[in-house]
Amino acid sequence: MKSILGTLAMCFALGAALPAQAAVLYSTDDGVGELPGGGGPPIPADIWWAQSFDTAAGGTVITDLQVAFGSALAGQRVGVNGAPVQVFLYDDSDNDGDPNTGLVRLQTVSSTVQSANTNTFVNFAIPPTAVSGKFFVAALVSDTGFDASTGTLAPNGMPAGFDQSSSAGTSWVADSSSGNIDPDNVPGTANLSGSIINLATFGLPGNLMLRAVGVPEPSTILLLLAGASVLGLRRR
Ligand SMILES: [Ca+2]
Ligand SMILES: [Ca+2]
C-alpha cells in the first residue's frame with residue numbers, strides 16, 4: 001500500500017511541477033483588414049483563400065482555425081453575415097509552401113460568415129490534428145465579388161479579410177465561376193484564376209486574415225506518469 005501511495009504522490013508532485021501547455025497562435029496579419037477579397041469578375045464567383053504557415057515547436061497539434069471576414073474600411077466592398085463558408089486545414093505534403101502542389105485536406109468546418117467587417121476573428125474548433133512542415137488554413141465562399149464598373153456587390157460579398165499593412169508573401173487565392181471549386185482539387189477547378197495565385201507575386205501584397213491555434217503533442221513525461229500509476233495500482 002505504501003508503494004502505491006508513494007507512486008501516486010510522486011506523480012502528482014511531478015505533474016504539478018510541469019509548465020502549463022501554452023498554445024501557439026499562427027498568424028501573419030496585424031489584426032486590421034484593409035480592402036477585402038472576393039471572386040471574379042465576372043460575378044458572382046467562388047473565392048478560395050489560404051494562408052501558409054510553418055509548424056512551430058509546441059504547436060504541432062492544431063485545435064482551432066480562425067477567420068476574420070470582410071473589412072471595416074472598404075465601403076460597399078463588404079463581407080455578408082450568414083453566407084455559407086467552409087473553413088479548411090490542409091497539409092502541404094511536399095512542404096514547399098505552394099498550395100498548387102501537394103495539397104491534402106485534413107479538416108473541414110461548414111459554417112456561416114459571422115462578425116463580418118469588424119476585424120473579429122471567428123473561431124472554428126476542429127478535432128485536434130497533428131501537422132508538420134508547411135500547412136495551410138483556407139476558406140471557401142461561393143457567389144462573391146464586386147463589380148467596380150457597376151458598383152454591384154454579389155450576394156455573398158467580399159468575404160476574405162486582407163491586411164495590406166505588410167506582406168509575408170504567404171497568402172494565396174483561387175477563384176472560379178460560382179460553385180465550381182472542388183476543395184480537393186483547387187488548382188484544377190479554379191477556372192477564373194487558372195491556378196492558385198500568390199498575392200504578393202500577383203502584385204497584391206498583404207496577409208490574408210486566416211489564423212490557427214496549435215498546442216504541443218501530449219507530453220511524454222505525462223504518458224510515462226500515467227503508465228507508472230497503472231503499474232502502481234496493479235501491484236495492490
Ligand atoms: Ca506544395
Ligand atoms: Ca492592416
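Let me begin with a question: how many of the 11 residues of strand 7 are buried? The count is 11 of the 11, so strand 7 is largely enclosed by the rest of the structure. Buried means that 20 or more other C-beta atoms lie within 10 Å of the residue's own; exposed means 12 or fewer, partly exposed is in between, and the C-beta atoms are placed from the backbone. Strands here are DSSP runs of E with at least two residues, helices are runs of H or I with at least four, and both are numbered from the N terminus.

Some housekeeping. This is a predicted model, in which local features need pLDDT of at least 70 and side-chain atom pairs count only at pLDDT 80 or more, while totals for chains, interfaces and linings use all residues. Residues are numbered from 1 along each chain as its sequence is written, and chains are lettered from A and ligands numbered from 1 in the order in which they are written.

pLDDT is the predictor's confidence in each residue, from 0 to 100. Its mean over the chain is 89, and 83% of the residues reach 70 or more. Over residues 1–18 pLDDT stays under 50, and the model has 19 contacts for them beyond four places in sequence. A contact is a pair of residues whose C-beta atoms, placed from the backbone, lie within 7 Å.

Now the overall picture. The chain has four helices and 14 strands. Of its 236 residues, 40% are buried. If we take contacts between residues at least 6 apart in sequence, 80% of them join residues at least 24 apart.

Two strands count as paired if DSSP finds at least two bridges between them. Strand 7 pairs with strand 2 in the antiparallel sense over nine bridges, and Asp54 stands opposite Lys134 in strand 7. Six bridges join strand 7 to strand 4, again antiparallel; there, Leu89 has Val137 as its bridge partner. Further along, strand 11 (residues 171–177) and strand 12 are joined by two bridges, with Trp172 opposite Asn198.

The other sheet I want to show is open too, with four strands in the order 1-14-3-6 and antiparallel pairing. Its edge strands are strand 1 (24–26) and strand 6 (121–130), each of which pairs on one side only. Strands 1 and 14 share three bridges, and Tyr26 stands opposite Ala212. Strand 3 is joined to strand 14 by six bridges, where Ile62 has Gly214 as its partner. Strand 3 (residues 61–68) also pairs with strand 6, over seven bridges.

What does Val67 touch, not counting residues up to four places away in sequence? The list is Val87, Phe121, Val122, Ala139, Met209 and Leu210. Val122 in strand 6 also stands opposite Val67.

That brings us to the core. A nonpolar core is a set of buried Ala, Val, Leu, Ile, Met, Phe, Trp, Tyr and Cys residues joined through C-beta atoms within 7 Å. The largest one has 51 residues, and those with the most contacts inside it are Trp48, Trp49, Val67, Ala138 and Ala139. Strand 7 (134–144) is one of the strands that each supply at least two residues of this core. The largest share, seven residues, comes from strand 7.

Last, some backbone details. The peptide bond between Gly40 and Pro41 is cis, with omega about 5°. The bond from Pro41 to Pro42 is cis as well, with omega near -5°. Pro41 lies in the loop between strand 1 and strand 2.

Two residues other than glycine have a positive phi: Asn119, at about 55°, and Asp143, near 60°. Is Asp143 buried or exposed? With 21 C-beta neighbours inside 10 Å, Asp143 counts as buried, and it lies in strand 7. Asn119 is partly exposed, with 19 other C-beta atoms within 10 Å, and lies in the loop between strand 5 and strand 6.

Note on methods: Two residues are in contact if their C-beta atoms, placed from the backbone, lie within 7 Å.
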